[in-house]
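Open the model in your viewer and keep the selection tool ready. We will go stop by stop.

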Amino acid sequence: MPSYKLVSRDNHPQNTVIKLGTAQIGKGTTIIAGPCAVENRETMHRLASSLSSLGVHILRGGAYKPRTSPYSFDGLGKEGLKILAEARKYSGLPIITELTDVRHIDLLCAYADIIQVGSRNMQNFSLLKELGRVNHPVMLKRGLSATLEEWLLAAEYIMAEGNHNIILCERGIRSFDSYTRNTFDINAVPAIKNLSHLPLIADPSHGTGRRELVAPVAKAALAAGADGIMVEVHPQPAQALSDGQQSLTLDEMAQMMAQLKSVAPQLAG
Ligand code: PEP
Ligand code: MN
């Protein structure tokens with residue numbers, strides 16, 4: 001008997017579907033795209049309108065960035081949230097952004113449509129409990145080396161406090177191979193869909209860390225049953241302030257969108 005209950009498919013056989021803008025996350029295929037970090041107004045606006053015309057459903061961008069080094073760019077903070085909210089108005093796309101500190105929860109609820117909990121905070125239990133007390137959709141990324149059970153128990157923390165609007169995101173796990181940044185765990189996709197009723201989004205950008213691997217891994221994840229993908233896109237990846245090496249250009253994003261139709265025919269419309 002699994003130690004999680006509320007997130008289990010045994011308890012709730014039908015898929016949870018979260019409706020947001022034109023997306024029904026958990027039904028069909030949802031595409032989330034945008035830069036790793038919000039860098040400036042011009043780039044964000046340009047990306048928002050281009051991504052919207054490519055058929056993307058939700059815009060991403062970090063305003064508070066957890067960075068491995070304390071000397072790296074860690075986001076524009078509140079200014080970044082304002083730029084994202086303008087981009088939403090401009091493009092009509094809902095926005096997702098990361099919460100890194102429980103003290104920012106009200107601010108994030110005021111600006112974001114979906115609150116992302118990053119890998120590094122997957123087991124920040126006080127943060128999870130607070131997110132359980134709001135009604136906002138939360139996207140919970142898998143921890144760097146979390147087992148499926150630990151990940152589902154982290155989701156259970158949120159749900160046990162009353163928030164049932166949870167999306168899971170597989171973003172790769174640590175392995176011994178340093179060729180890729182992480183190892184995208186394709187097994188996790190059908191396994192999580194069997195174990196839980198929650199929607200599952202795949203992140204092949206962090207899952208691989210290499211631009212040329214993003215489209216093939218995105219296709220594999222959708223073919224394995226993921227409810228959508230989240231990818232990083234930047235107009236000039238070489239100049240990106242974070243994660244440029246795994247960010248697609250807009251042309252590459254357009255090419256990938258065309259390829260995804262083979263595994264997600266409903267994107268064709
Ligand atoms: C991100 O989505 O930019 C991010 C920091 O992801 P992760 O928590 O998966 O590393
Ligand atoms: Mn990133």
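The tour visits two ligands and the residues around them.

This is a predicted model, where local features need pLDDT of at least 70 and side-chain atom pairs count only at pLDDT 80 or more, while totals for chains, interfaces and linings use all residues. Residues are numbered from 1 along each chain, ligands are numbered from 1 in the order in which they are written, and side-chain values use heavy atoms, without hydrogens and water.

**Stop 1: ligand 1.** Select ligand 1 and the residues around it (a heavy atom within 4 Å). Among them are Lys 65, Glu 98, Gln 116, Gly 118, Lys 141 and Arg 171. By class, this shell has one nonpolar, four polar and seven charged residues; here Asp, Glu, Lys and Arg count as charged, Ala, Val, Leu, Ile, Met, Phe, Trp, Tyr, Cys and Pro as nonpolar, and the others, including Gly, as polar.

**Stop 2: polar contacts.** Look for pairs of N or O atoms within 3.5 Å. Pick Arg 60: a polar side-chain atom lies 2.8 Å from an oxygen atom of ligand 1. At Ser 119, a polar backbone atom is 2.8 Å from a ligand 1 oxygen. For Arg 120, a polar side-chain atom is 3.0 Å from an oxygen of ligand 1. The protein covers 97% of the 290 Å² of accessible area that ligand 1 has on its own (Shrake-Rupley method, 1.4 Å probe).

Conventions. A polar contact is a pair of N or O atoms within 3.5 Å; within protein, one must be able to donate a hydrogen and the other to accept it, and residues adjacent in sequence count only if both atoms are side-chain atoms.
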